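I opened this model to look up its strands and helices. My notes follow the structure.

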Amino acid sequence: MLSIKDLHAGVEEKEILKGLNLEVKPGEVHAIMGPNGAGKSSLASVLSGRPNYEVTSGTVTLDGKDLLDMSPEDRAREGVFLAFQYPIEIPGVSNINFLKTALNEIRTYRGEPALTAKEFLALSKEKQKLVEFDAKLVNRSLNEGFSGGEKKRNEIFQLAMLDPKIAILDETDSGLDIDALRIVSRGVNKLRSERNAFIIITHYQRLLDYIVPDFVHVLSDGKIVKTGDKSLALELEEKGYDWIKAEAQQ
Amino acid sequence: MINQLETPLYESLVSKFEIALLQGNDDRSRTLRQEAFQTFKTLGFPSIKNEEWKYTNVLPFLKDNYIAENTPVTSGTGYFQQAAKLVSAHLEAVQNSLKGEHKGAYRLVTLNGLIVPELSVLPSSSEIRVLPLSEATDQPSFEQHFGHIARWEDNAFVALNTAMYSDGLFIEVGKNTIPDKPLHIVNVLLSDAPVFVQPRHLFVVNAGAQLEIIETTISDDTTIPVFVNGVTEIAVATGAHFHHYDIQTGRNGMRFVQRTEATQERHSNYSNYTFTLPGADLVRNNLVLHLNEADLESHLYGLYLSAGTQLIDNHTEVHHKMPRGESNQLYKGVLLDKSKAVFNGKIYVYEDAQKTNAFQQSNNILFSDKSTVNAKPQLEIFADDVKCSHGTTIGQINKDALFYLQSRGISEATAKNLMVNAFAFDVTQKVKIPALRTYLEQLIAVEMEKA
C-alpha cells in the first residue's frame with residue numbers, strides 16, 4: 001500500500017533522511033524506533049507534506065499514486081493521517097466544525113456525498129464511544145485548554161472519524177500516563193483492520209505491549225538499519241541503540 | 001495648502017458653499033455654517049504632517065474632479081430603479097441569513113442621502129421617529145443637540161461637513177421606548193460622475209429607551225470616484241442603550257471619511273460595532289465618545305479585513321470625564337495583499353474620573369509580507385484610582401496551525417477562512433443579532449475565498 005523507496009530529504013540544506021526504504025501492506029502495523037535525531041519525526045513530516053522539508057530524491061507512493069507530488073490536504077484526502085506529536089491548539093475553531101469540514105472535504109474529493117448534520121452527529125457519537133473520548137471535549141475549541149493526554153486522545157478520535165488508509169502515529173505515547181496509554185491503545189486496536197495500516201513512531205517499548213506490531217524497524221542516521229518482529233523492541237529495551245549503530249557501521 | 005487651493009474639489013466647494021448657506025432658514029444654522037466654513041478654509045484638508053493623519057495620506061484621494069453636491073442627486077427615475085434593484089439584491093443577501101429569524105428589521109433606504117419611502121419599511125413614529133434632517137429643525141432634540149456634539153473647531157472634515165452638509169437623517173427614540181425590531185439603514189450611493197457628498201445624521205436615544213441600528217452601504221459596480229464625508233452625532237440619555245452596527249463594504253473608487261461622535265449620560269450604554277471589508281479605496285473612521293456622566297458603559301468593537309491596495313484607518317477616542325465609567329475597545333484586523341491599516345486608540349481619563357475601567361486591545365494579522373499596519377495606543381490619565389490597559393499585537397498567520405488543518409484534508413483556502421473566523425471570533429461573537437453575525441461570516445468567507 002505505502003511504498004517508500006530510497007527517500008532522501010532534509011530541511012534547510014541539512015540532509016536528515018538518507019535513503020530510507022519501507023514497504024507497508026494493508027492490515028500491517030509497523031513500529032519505528034531509533035535514537036534521537038535519527039529522523040523519525042522527519043519521516044512523519046515528509047510523509048504528511050509539512051512545508052520546509054525538501055525531498056531531494058526517492059519516491060513515496062500510496063496505492064501506486066505519487067504522494068510527494070501532492071499538497072498536504074490531498075495526501076490526507078488520499079488517506080494519509082498523521083497523529084501529531086504536539087497537536088496544535090486553534091482557539092476559536094470548534095472541534096465539531098473542524099471535523100465536519102475535514103470529513104466533508106475528504107468525502108467530496110472521493111466523490112462521496114457530504115454528511116448531513118444529523119449523520120455527522122451520529123458518526124461522532126459512535127466514534128467517541130469507540131475511542132472513549134469525552135463528549136464534553138468535542139464541543140470545545142480545537143485542543144484549547146486540553147491537557148497533553150487529552151490532545152493525544154483527540155488525535156485518535158480524529159483518526160477514528162476520518163478513517164484513513166495509513167495512519168502515522170508520531171510519538172503518540174509521549175506525555176501519556178498509564179491509563180491514557182491504555183485507552184489510546186484500545187482505540188487504535190479497535191480501528192485496526194485489513195483495509196488500513198499503521199506506522200507507530202515511538203521511543204519506548206511499552207506502547208508496543210499494548211499495540212502489538214507486525215514489524216519493528218530501527219531508524220538510525222536517516223536510514224532503516226534493522227528490521228525485526230516485536231521481539232526486536234524488547235531487545236532494544238534491554239540493550240539500547242549502540243549495538244545497532246555498531247552493526248550498521250560494519 | 002497651496003496644492004489644495006488648486007484642486008477642482010476646493011473650487012467646487014467654495015462655489016457651492018454659497019448655495020449651502022441658503023439651505024438653512026434660521027440664523028443659528030447660517031452662523032454655524034459660516035463659522036465652520038471659515039475654519040475649514042483656515043485648516044485646509046489634513047496632510048501627513050498632521051499627527052492624526054500621519055499614516056493616512058488623504059490628499060491624493062481628493063484630487064479627482066469631484067462635484068460637491070448640495071442637493072443629493074436623485075432626479076431621474078433611472079437612479080430610483082437602479083437603487084430598487086440593488087436594494088432588493090442586497091436584502092436577499094442579508095435575508096438569507098435572516099431565514100428563521102422571525103423578528104426581521106425595519107428598513108430605511110437612502111439614495112445619496114435622501115430617504116426613499118417607497119423602498120423603506122419604516123417603524124411607526126411612536127416607536128422610532130425618522131425624518132430627513134432638513135425637516136427636523138424644529139424638533140426639541142434637534143435644537144438641543146445639533147452641532148453641539150461633533151467638534152469642528154480643530155477638524156477640517158467635520159468643519160466642512162458642518163458648513164456644507166447636504167441632508168441626512170434625524171432618528172429619535174422617545175423616553176422609555178423599546179422598539180421591537182432593529183432599524184436597518186441601507187445607504188445607496190449612485191453617481192455617473194465623480195461626486196463629493198456630505199451626509200449629516202443625528203440619532204437621539206432618550207432616557208430609558210433602546211435602539212439598534214444596522215447600517216449598510218451599497219452601490220453599482222462602476223469605479224466612479226465617490227467621496228463621502230459623513231458626520232453622525234449621537235446623544236444617548238440616562239439609562240438608554242444604543243447598539244450601533246456599521247457594515248462598511250464598498251467598491252473601487254469609494255472613499256469614506258466618517259466621524260461618529262456620541263455623548264452619554266448616566267447609566268447608559270453605547271456599543272459600536274464597525275466591520276470594514278474589502279472594496280473601498282479608503283475608509284477612515286473617527287469614533288469619539290464623551291462619557292459626560294458617571295456610571296456608564298461604552299463598547300467599541302471593530303473588525304477590519306483589508307485587501308488589494310486598500311487603506312483602512314480606525315481612530316477612536318474615549319473621554320472619561322466622570323467616575324465609574326467602563327469602556328472597552330477591541331479592534332481586530334486581517335490584512336491581505338498590499339493593503340494598509342491604521343489603528344489609533346485614545347483614552348482620556350479626566351481628573352474627576354476616579355474608578356474608571358478603560359481597556360483597549362488591537363490585534364492584527366498580516367497575511368502577506370506586503371501589507372502594513374500601524375497601531376498606536378494612546379492613554380492620557382489624570383485620575384489616580386483607575387484601571388486602564390492597552391495591548392497591541394501584530395503577527396502572521398500561524399503556519400503550524402494552517403498545516404494541521406491541511407493535514408486533515410482541509411484545503412488551504414478553507415483553512416485560512418477557518419482561522420480568520422477564529423481570529424475574528426471574539427469580535428463577531430459580540431454581535432447580538434444572530435442573523436447579522438451569519439451575514440458577516442458569509443462576507444468574510446467570500447473575501448477569504450478571493451484571497
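I am working from a predicted model. In chain A I find six strands in an open sheet, ordered β6-β9-β10-β3-β11-β12, with mixed pairing. I looked up the edges: β6 (80-83) and β12 (223-228) of chain A each have a single partner strand, so one side of each is left without a neighbour in the sheet. Neighbouring strands of this sheet are turned against each other by 20° on average, direction ignored.

Entry 2, one pair. I checked β9 (residues 166-170) against β10 (residues 197-201) in chain A and found parallel pairing over five bridges. Opposite Ile168(A) I find Ile199(A) of β10(A).

I checked its length: 15 residues at 1.5 Å a residue should span 21 Å, and the end C-alpha atoms of α6(A) are 21 Å apart, which agrees. I list Ile156(A), Phe157(A), Leu159(A) and Met161(A) among the buried residues of α6(A), and Lys152(A), Arg153(A) and Glu155(A) are also among them. Their cover includes β6, β9, α3 (95-109), α4 (117-130), α5 (135-138) and α7 (178-191) of chain A. After α6(A) comes Asp163(A), with a positive phi near 50°.

How many of the nine residues of α1 (residues 40-48) of chain A are buried? I count eight, so I note this helix as mostly covered. Lys40(A), Leu43(A), Val46(A) and Leu47(A) are among the buried ones. Gly49(A) follows α1(A) and has a positive phi, near 90°.

Conventions: Residues are numbered from 1 along each chain as its sequence is written. Chains are lettered from A and ligands numbered from 1 in the order in which they are written. This is a predicted model: local features need pLDDT of at least 70, side-chain atom pairs count only at pLDDT 80 or more; totals for chains, interfaces and linings use all residues. Two strands pair if DSSP finds at least two bridges between them. Helices (H or I, at least four residues) and strands (E, at least two) are DSSP runs, numbered from the N terminus. Axes are lines fitted to C-alpha atoms, for helices over the stretch in contact, and angles run from 0 to 180 degrees between N-to-C directions. A residue is buried if 20 or more other C-beta atoms lie within 10 Å of its own, exposed if 12 or fewer, and partly exposed in between; C-beta atoms are placed from the backbone. The expected span of a helix is 1.5 Å times one less than its number of residues. Two residues are in contact if their C-beta atoms, placed from the backbone, lie within 7 Å.
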